[in-house]
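Let's take a friendly walk through one protein model. Have a look at the sequence and the structure, and then read on.

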Amino acid sequence: MATGRSFTLNTGAKIPAVGLGTWQSAPNEVYEAVLVAIKTGYRHIDTAFVYGNEAEVGKAIADSGVPREELFVTTKLWCTDHSKAAEALDVSLKNLGLDYVDLYLMHWPVSFAPGESLFPTLPDGSTAFDKSWDFCKTWELMQKLPKEKARAIGISNFSTVNLNILLESSICKVIPAVNQVELHPYLPQHKLLALCKEKGIHVTAYSPLGSTSAPLQNEPVVKAIAEKLGKTSPQILISWAVSRGTSVLPKSVTPDRVRSNFEDIVLSSEDVDAISQIYKTTQKRVVKPNWGIIFHDDDF
Ligand SMILES: NC(=O)c1ccc[n+]([C@@H]2O[C@H](COP(=O)([O-])OP(=O)(O)OC[C@H]3O[C@@H](n4cnc5c(N)ncnc54)[C@H](OP(=O)(O)O)[C@@H]3O)[C@@H](O)[C@H]2O)c1
């Protein structure tokens with residue numbers, strides 16, 4: 001079991017290596033998934049305001065009986081709330097039924113027009129951005145969030161270009177603890193990982209199985225290593241992410257998968273290297289909303 005594995009953030013706190021992802025985990029299925037996960041030994045749960053499931057995630061955490069201080073809970077500031085980070089954090093804490101989160105992330109480096117809709121649009125159907133705002137202003141507000149409510153703050157979906165803009169901005173007084181990004185063998189993020197390492201920013205890998213239906217489990221190199229070791233492809237993909245020093249967030253609402261994804265597999269350096277070469281033949285980003293240039297061309 002992966003219970004013991006963790007990484008240390010630049011705040012000094014530990015982030016458990018394998019966390020349960022909850023995007024697209026519907027409110028009627030996420031409760032059970034989180035409960036099974038915590039019973040299995042997961043101590044890291046990832047959610048977001050926009051997933052619409054914070055309340056059920058929080059209920060499962062409460063019902064698990066595991067002391068709050070043993071858990072690492074992440075949630076995220078949605079794009080319509082960039083100019084009211086403190087209020088948005090309070091809403092998420094209320095939804096979760098928690099006094100604090102271990103990590104609060106700026107979900108995307110884009111600001112939408114505030115209002116009722118989480119995905120506001122202009123009359124022509126395109127996204128209504130808040131052009132008076134930018135992610136440096138968001139970070140300025142996030143830096144002021146009370147530590148008792150957000151133990152660490154971080155970013156998500158930041159490319160090397162946007163990360164450098166943030167770090168070079170005069171408002172940047174707190175180095176993000178984490179950059180949570182899509183990361184798997186089709187998108188190994190070599191450059192971004194190196195930059196984050198240099199700056200002391202921990203990277204968390206999302207969509208480690210290739211997202212919906214776990215397409216990467218059928219990748220021949222991964223399958224061959226799984227067969228050789230008598231393990232499953234998802235276990236190999238999750239272990240590959242941990243071997244590279246990233247925490248990783250496999251999502252499942254299927255109890256057997258939640259359990260098996262948590263098994264600790266140690267990969268040889270040859271197997272890690274073989275998986276790290278897959279991007280040379282196949283490159284793919286799965287989560288790519290049409291919100292202008294977010295991912296610059298240096299991501300692979
Ligand atoms: N910051 C961001 O913008 C962002 C974006 C995307 C994701 N994330 C986070 O990262 C988490 C993971 O990413 P993801 O949800 O995109 O995808 P993922 O974890 O790569 O894949 C999830 C898919 O794989 C299936 N699966 C899981 N374990 C399996 C196994 N052992 N065997 C076969 N299939 C398996 C799941 O099915 P079942 O559930 O039906 O079992 C689901 O269809 C998210 O849930 C979220 O917490 C963050």
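## A covered strand

Strand β8, residues 178–182, is mostly covered, with five of its five residues buried. A residue is called buried if 20 or more other C-beta atoms lie within 10 Å of its own, exposed if 12 or fewer do, and partly exposed in between, with C-beta atoms placed from the backbone. Strands (E, at least two residues) and helices (H or I, at least four residues) are DSSP runs, numbered from the N terminus.

This is a predicted model, so local features need pLDDT of at least 70 and side-chain atom pairs count only at pLDDT 80 or more, while totals for chains, interfaces and linings use all residues. Residues are numbered from 1 along each chain as its sequence is written.

## Partners on both sides

Which strands pair with β8? Strand β7 (residues 153–156) runs parallel to β8 and is joined to it by two bridges; here Ile 155 stands opposite Asn 179. From β7 the chain passes through helix α5 (residues 160–168) to reach β8, a right-handed β-α-β crossover. Right-handed means that, with the strands pointing away from the viewer, the path from the first strand over the helix to the second runs clockwise.

Strand β9 (residues 202–206) also pairs with β8 in the parallel sense, over five bridges, and Val 178 has His 202 as its bridge partner. The chain gets from β8 to β9 through helix α6 (residues 190–199), and this β-α-β crossover is right-handed.

## The whole sheet

Now for the wider view. The open sheet has eight strands in the order β3-β4-β5-β6-β7-β8-β9-β10, with parallel pairing; two strands pair if DSSP finds at least two bridges between them. β3 (20–21) and β10 (247–248) are at the edges with a single partner strand each, so one side of each has no neighbour in the sheet.

## A buried tyrosine

Where is Tyr 186? Tyr 186 lies in the loop between β8 and α6. Is Tyr 186 buried or exposed? Tyr 186 counts as buried because it has 20 C-beta neighbours inside 10 Å.

Leaving aside neighbours within four places in sequence, the contacts of Tyr 186 include Gly 210, Leu 216 and Ile 278. Being in contact means that the C-beta atoms of two residues, placed from the backbone, lie within 7 Å. Tyr 186 and Val 286 are 100 residues apart in sequence, and their C-alpha atoms are 9.4 Å apart in space.
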